[in-house]
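Reader: I want to learn to read a fold from its coordinates. Can we go feature by feature?

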Amino acid sequence: MSEADIPPPDVTPPGRVSAKEEARTPGGDDEIRLGRGLSSKLLFLTILFVMIAEVLIFVPSVSNMRLRWLSDKLATAASASIVVEGFDEMDLPQPVQTDTLMSTGTKAIALRRAGSSRLIASTQVPPTVDMQYDLSDVGPLTAIGDAIGTLVHGSDRIIRVFGPVAGDPGTMIEIVMEERPLKTAMLVYARNVLILSLVISFITAGFVFFAINALLIRPIRRMTANMQAFAEAPDEPARVIRPSTRDDELGQAERHLASMQQELQHTLKEQKNLADLGLAVSKINHDMRNILASAQLISDRLAGVDDPIVQRFAPKLLRTIDRAVSYSNEVLAYGRAREATPKRRWLDLKRLIEDVRDITAVDPTFEIDFVIDMPDGLEVEADSEQLFRVIHNLSRNSVEALKSLEGDAALVKRIRVAARREGSVVTIMVEDTGPGMPAGARANLFKAFRGSTRPGGTGLGLTIARELVLAHGGDLKLVESNGPGTIFAIVLPDQPLPIAAFRNRPKHRLDQDRQQIP
């Protein structure tokens, strides 16, 4: 193949769509074809609307032309009648009458003055007159109706027209004539108006077409082509449209489209991260189960050791291993399935917090106080495992925040978990004396892969914790504080009970409720 046979490269700036791609898009060839694109439709509609406007103007215009034509005939007849004034009462010779009638295009001319009427000229006057028109007082609707009548029936009618003489209101001029010349003049006028209207319509449509095409159609076509190009490869940053600098609605639409495309690319990236996370966890999950199974066997053997310390921590170690297996499965399921429906039971909240404290990974050489501030016997209606995960996630985040203060031994390093009940709602506060929540993390709080407070974090802990609390019908939120540290509030309402279940509550629960009534 010679160099002449090689097509030139299609160089297109980033964010733009090449001519070849535009030709394949709905905004390409299809929009240029006659009768299919917005441009062609706009051209046709402009011509149609201008023609409709011309028609609305045409009817009164033709009626005015008819009145002017008849008025000119009366004026011509009135001028010819001035000659007759010198003949007094004698009749005009027939040749003079014929010339007068031919010059005015009439069959008879008469003058009426002071109650008397005088026939100026006449020749072959028909016995009957089909229509008569008084031009002294003609309304707009009457003029339009008379004009339509002339166009429809004016081929073979004889009409009588009369009106005042200009400059002499007391004298009336009257003529009898054929209506055919009037109809012919009106048709010629209508033809001229039609041609002029078409010229005006095409010129106006051309200006409107080019203006709208430049202001609207081309930008819309560009946006349409970009949307299809972006749909073919939404992960390519070069496919994001580059908004123009125009300040109108289309400029705003381009900027919103660019923002939406960027947000979609960011979401796709997050989804890819979630997919990669699921793949990674699925790879380690199989081996981790085997390792945890071995650890569980060793823990069972430790349970048989006659040592108080071992007897105290062995059950907690077993529960921790079970939770580790559950955590692996739940992290694997995150992003592709919802959390399981909470199995709500009445729990001793303080005992659950103590379990969280015992397994929280606190370095013995790094002094962190874990304070539990709540009354004994405080109960909460929740899923034990899910509530444990929520509080453990928050506590573990607090530990990580306090570890960042390791260089200053004089600082107070404390995690405090407090709880109180107000009616049917339990509020649990998890606070620490760490450096506080960064501004960037606050803006993306509870968003996976965006709300992490430390390098390398994923932000999944807070995301999962909030989902679990919402599943209980409650809420997890960050509490603004004036001092250092971070405070999270867990609000858990009791599950509403039907009246039948309330009546069947155990007697000791009824006694407790009775004691709380003042």
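Author: Start with a sheet. Two strands pair if DSSP finds at least two bridges between them. Strands (E, at least two residues) and helices (H or I, at least four residues) are DSSP runs, numbered from the N terminus. Here 5 strands form an open sheet, ordered β2-β1-β5-β4-β3, with mixed pairing. This is a predicted model: local features need pLDDT of at least 70, side-chain atom pairs count only at pLDDT 80 or more, and totals for chains, interfaces and linings use all residues. Residues are numbered from 1 along each chain as its sequence is written, and side-chain values use heavy atoms, with hydrogens and water left out.

Reader: Which are the edge strands of this sheet?

Author: β2 (116-122) and β3 (131-134). Each pairs on one side only. Neighbouring strands are turned by 20° against each other on average, direction ignored. For such angles, axes are lines fitted to C-alpha atoms, for helices over the stretch in contact, and angles run from 0 to 180 degrees between N-to-C directions.

Reader: How many bridges join β3 to β4?

Author: There are 4, and the two strands run parallel.

Reader: Which residues of α9 are buried?

Author: First the general idea. An α-helix has 3.6 residues a turn, so residues three or four places apart point the same way. In α9 (residues 349-359) the buried residues are Leu-349, Leu-352, Ile-353 and Val-356. They cover an arc of only 100° around the axis, which puts them on the same side of α9. The arc is that of the directions from the helix axis to the C-beta atoms. Their cover includes β6 (345-348), β7 (369-373), β8 (379-382), α10, β9 (414-422) and β10 (425-432).

Reader: What reaches the backbone nitrogen of Lys-350 at the start of α9?

Author: A side-chain oxygen of Asp-348 comes within 3.2 Å of that nitrogen.

Reader: Which residues have the most contacts inside the largest nonpolar core?

Author: A nonpolar core is a set of buried Ala, Val, Leu, Ile, Met, Phe, Trp, Tyr and Cys residues joined through side-chain atoms within 4.5 Å. The largest one here has 40 residues, and Leu-349, Ile-353, Leu-387, Ile-428, Phe-488 and Ile-490 have the most contacts inside it. Helix α10 (residues 384-403) gives the most to this core, with 7 residues. Apart from it lies another core of 24 residues, including Leu-70, Tyr-133, Met-177 and Ala-185.

Reader: Is Met-186 buried or exposed?

Author: Met-186 is buried, with a relative accessible area of 0%. This residue sits in helix α6 (residues 180-232). Leaving aside neighbours within four places in sequence, Met-186 contacts Val-62, Met-65, Arg-66, Ala-147, Thr-150 and Leu-151. Its C-alpha atom is 9.0 Å from that of Trp-69, which is 117 residues away along the chain.

Reader: What does Gln-261 touch?

Author: Beyond residues up to four places away in sequence, Gln-261 touches Asn-226, Phe-230, Arg-239, Val-240 and Ile-241. Gln-261 belongs to helix α7 (residues 249-303). With a relative accessible area of 2%, Gln-261 is buried.

Notes. Buried means under 20% relative accessible area, exposed over 50%, partly exposed in between (1.4 Å probe, protein chains only). Contact means heavy atoms within 4.5 Å. A polar contact is a pair of N or O atoms within 3.5 Å; within protein, one must be able to donate a hydrogen and the other to accept it, and residues adjacent in sequence count only if both atoms are side-chain atoms.
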